[in-house]
2 protein chains.
Amino acid sequence: MGWEGVRDEVLRRIRGRVWPPGEVIPGEEALAVEFGVARATVNRALRDLAEAGLLERRRKAGTRVALLPVRKATLDISIIRQEVEARGEVYGHRVLERRMEAVPLAVALRLGVARGARMCFLETLHLAGGRPFAHEVRWLNIAVLPGGVVPEFDRLSANEWLVQNVAYATGDIEFSAELATSAEAAALGIRAGEPVFVTERATWTAEAPITFVRLLHGPGYRLRTMV
Amino acid sequence: MGWEGVRDEVLRRIRGRVWPPGEVIPGEEALAVEFGVARATVNRALRDLAEAGLLERRRKAGTRVALLPVRKATLDISIIRQEVEARGEVYGHRVLERRMEAVPLAVALRLGVARGARMCFLETLHLAGGRPFAHEVRWLNIAVLPGGVVPEFDRLSANEWLVQNVAYATGDIEFSAELATSAEAAALGIRAGEPVFVTERATWTAEAPITFVRLLHGPGYRLRTMV
DNA sequence: GGCGTTATTATGTATATACATAATGACCTG
DNA sequence: CAGGTCATTATGTATATACATAATAACGCC
């Protein structure tokens, strides 16, 4: 039995309430003997379940089944083109606006730059099968662009361009529900006052902020994940 | 240097484009020699980065920096009470409805039960500091309840009760933006036509479907995650 | 009994070694 | 040269062993 086998058997016992929530399960050594594997193999299996939030492990105290399991769902944050193509539709995008602009206060706070700092403002419409799929508003720190030159983004979307040309970065993401403004509705081809699914994402490296994006998906859009 | 040290150094090289996207990085053996650690230690570090979506690993082909990194953001799916208490507010909940009902077609499809199957219908309001926080509509398979008896859910919310009394389960989650109906708006204390953040979650075990929940958060609610 | 110190213990990590597995690329054959 | 076969190779996993670490439990002192 490999580590996945051990994991599945432990999972079965948790689900089957052989080991109910809150209960301390046998130690790695004991399980290794029971399953006839090395302790390292048991460790790998239990570590995996702990990372998934089903077990809580503490040195000396042992391993117990999580009382209130904070399940961890993993979202795949993909590039919009991938998302559209995964639906079997043809991807396209149009740059609506592209200029230098002082960032709004909210964006400045989110990215940690001085208020009034000048960044590249981009407004883009992403298309799926020729129809509006998502409306994007983005502020981009030109300091991180190689050579300080802002590309046209007419062939490659800013998202994709950044992924391929700027260092891998960390960031945070916020999802919310809002009402489309009339301008946003017009861009997305929906009526004003219809609900939009908003994704806001701030990205930065250790050295500098990179970009803040606000992405709007029209009614019917669903973000899916498995637990 | 431990495995986290190796991971951080590799991450630094990826971010610093020492190893640009698409490039094959040195093999585990070579890195182990360079860093002065065992191959298992390098393996642990690279595996971690691969799980995060930054590296792509294939036997024989080697390890390369992801060209289009599908970043994996982990959402912590917690119990609503925890979420409210994490905001420093007092949690409460009220059961609005509780009856047996034939499931709507959409729910039947989502849970994989026969259309028209009878399940327990629950309508609940979650409160934060006495004010409406989320509106919950739930269908619950009574077959999975120990003894087939439906609890009152007046002390413990259905969510929490299920976590503690029914086997750990798998499921899927969908997030979307919708407009509140007048009934929903009334329950949440908002105006009809305001946008709501919708979380729909289906849960089941290998044996049977457990529950389908539709959770509505009013305007201002934000789902946050880090990448 | 209260409180700080120490011993114990389960998990965490590191290592060398060995073999398994999958995918590539070279080779061989028709 | 096409196409299938096989050797090669990097990662994947398993193992025994050793030591590190954190947290508890036991101890002993005042």
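This is a predicted model: local features need pLDDT of at least 70, side-chain atom pairs count only at pLDDT 80 or more; totals for chains, interfaces and linings use all residues.
**Stop 1: chain A as a whole**

Select chain A and colour it by domain: domain 1 covers 3–65 and domain 2 covers 80–217. The C-alpha centres of domain 1 and domain 2 of chain A are separated by 43 Å.

**Stop 2: DNA strand D**

Select DNA strand D and the protein residues within 4 Å of it.

- From chain B, a polar side-chain atom of R57(B) is 2.4 Å from a phosphate oxygen of DNA strand D.
- In W3(A), a polar backbone atom lies 2.9 Å from a phosphate oxygen of DNA strand D.
- In G2(A), a backbone N or O atom is 3.5 Å from a phosphate oxygen of DNA strand D.

Next, show the secondary structure around these contacts. Two or more residues each are given to the surface near DNA strand D by helix 3 (39–51) of chain A and, in chain B, by helix 3 (39–51), strand 2 (55–58) and strand 3 (62–65). Which element gives the most to this surface near DNA strand D? It is helix 3 of chain A, with four residues. Coloured by class, the surface near DNA strand D shows 11 charged, six polar and four nonpolar residues.

**Stop 3: DNA strand C**

Sugar or phosphate makes up 70% of the atoms of DNA strand C within 4 Å of the protein, and bases make up the rest.

- The side chain of R57(A) has an N or O atom 2.4 Å from a phosphate oxygen of DNA strand C.
- The side chain of T41(B) places an N or O atom 2.8 Å from a phosphate oxygen of DNA strand C.
- For R59(B), a polar side-chain atom is 2.8 Å from a sugar or linking oxygen of DNA strand C.

The elements with two or more residues at the surface near DNA strand C are helix 3, strand 2 (55–58) and strand 3 (62–65) of chain A, and helix 3 of chain B. Helix 3 of chain B has the largest share of the surface near DNA strand C, four residues. The class count near DNA strand C is four nonpolar, six polar and 11 charged residues.

**Stop 4**

Strand 4 of chain A and strand 4 of chain B are paired antiparallel through seven bridges. One bridge to pick out joins R71(A) to I77(B). Now show the side chains of strand 4 of chain B. R71(B), A73(B), L75(B) and I77(B) make up its covered face, while K72(B), T74(B) and D76(B) make up the uncovered one. Side chains in a regular strand alternate between the two faces of the sheet.

**Stop 5**

Select the strands in the order 11(A)-8(B)-9(B)-10(B)-7(B)-6(B)-5(B), which form an open sheet with antiparallel pairing. Strand 11 (223–226) of chain A and strand 5 of chain B are the edges; each has a single partner strand, so one side of each has no neighbour in the sheet. With direction ignored, neighbouring strands of this sheet are turned by 15° against each other on average.

**Stop 6: strand 6 of chain B**

Within this sheet, select residues 118–128 of chain B. Is strand 6 of chain B largely enclosed or left open? Strand 6 of chain B has 10 of its 11 residues buried, so the rest of the structure largely encloses it.

On one flank, strand 5 (residues 91–102) of chain B runs antiparallel to strand 6 of chain B and is joined to it by 11 bridges. M100(B) has C120(B) as its bridge partner, and V95(B) stands opposite T124(B).

Strand 7 (residues 131–140) of chain B also pairs antiparallel with strand 6 of chain B, over nine bridges. The bridge partner of H126(B) is A134(B). End at the hairpin formed by strand 6 and strand 7 of chain B, which has two residues between the strands. G129(B), in the turn, has a positive phi of about 60°.

Note on methods. Residues are numbered from 1 along each chain as its sequence is written. Chains are lettered from A and ligands numbered from 1 in the order in which they are written. Side-chain values use heavy atoms; hydrogens and water are left out. Domain bounds come from an automatic or database domain assignment. A polar contact is a pair of N or O atoms within 3.5 Å; within protein, one must be able to donate a hydrogen and the other to accept it, and residues adjacent in sequence count only if both atoms are side-chain atoms. Ala, Val, Leu, Ile, Met, Phe, Trp, Tyr, Cys and Pro count as nonpolar, Asp, Glu, Lys and Arg as charged, and the others, Gly among them, as polar. Buried means under 20% relative accessible area, exposed over 50%, partly exposed in between (1.4 Å probe, protein chains only). Two strands pair if DSSP finds at least two bridges between them. Axes are lines fitted to C-alpha atoms, for helices over the stretch in contact, and angles run from 0 to 180 degrees between N-to-C directions.
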